[in-house]
Amino acid sequence: AASQPPAKIGLKAGSTITVEQAARALAVKSANDVAVTIAENLAGSEEAFARQMTLKARSMGLGRTRFVNATGLPDPAQVTSARDMAKLGRALKRHFPQYASYYRATSYSYNGRTFRATNNLLGKVAGVDGLKTGYIRLSGYNLVATASRAGKQLIVVVMGGKSESARDEEVTRLIEAHFSPLVEG
């Protein structure tokens, strides 16, 4: 786990991390070293964990998603769709509201270091309250964003952004377009 490429928090081999610290590291920093640590501890190996993740995805109706690792790092056999990621985001918000603050956090501190959230829209776009970013060369810059305004909740998924800023601009445009009737009405 310690040998994973960035993003990571610098978890050293043989060290420990609490479940809460691990969950926050994943939500804020997308920490690959933590993802593999969790996988190895819960399923015995990253491969076994990926199989469990895929089975869970199927049980949730995420029919176009197949995991082969815990990190989301490149592998042509690992696939998903924007629809599946929207369903997953909705399930997280619905079934685990007690962890919403993890995805709203703009930073995370561990072992004397502070890591900034990868979701650049937190605190910058009205109502944005999470959820998860990702980047790999094969798929570009990705974001599942959740937002709430005037009692209306929205999930926006953008995959394949050419840059972080292009992805963020498209997510912002979609959020504003779908909330604009609330402002006018």
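A crossing of two helices is left-handed if the near helix is turned anticlockwise from the far one by less than a right angle, and right-handed if clockwise. Keep that in mind.

What we have here is a predicted model, where local features need pLDDT of at least 70, side-chain atom pairs count only at pLDDT 80 or more, and totals for chains, interfaces and linings use all residues. Residues are numbered from 1 along each chain as its sequence is written, and side-chain values use heavy atoms, leaving out hydrogens and water.

Helices (H or I, at least four residues) and strands (E, at least two) are DSSP runs, numbered from the N terminus.

First pair. Helix α1 covers residues 19–29, and helix α2 covers residues 32–43. Their axes come within 9 Å and cross at roughly 135°. Axes are lines fitted to C-alpha atoms, for helices over the stretch in contact, with angles from 0 to 180 degrees between N-to-C directions. So α1 is oblique to α2. Under 35 degrees is roughly parallel, over 145 roughly antiparallel, 65 to 115 roughly perpendicular, and the rest oblique. The α1 and α2 crossing is left-handed.

Who touches whom? A22, A25 and L26 in α1 meet V34, A35 and I38 in α2. Contact means heavy atoms within 4.5 Å.

Second pair. Helix α3 is residues 46–59. α2 packs against α3 at about 85°, axes 8 Å apart. That makes α2 roughly perpendicular to α3.

Now the strands. β4 (residues 140–149) and β5 (residues 152–161) pair in the antiparallel sense over eight bridges. Pairing needs at least two DSSP bridges. S148 has Q153 in β5 as its bridge partner.
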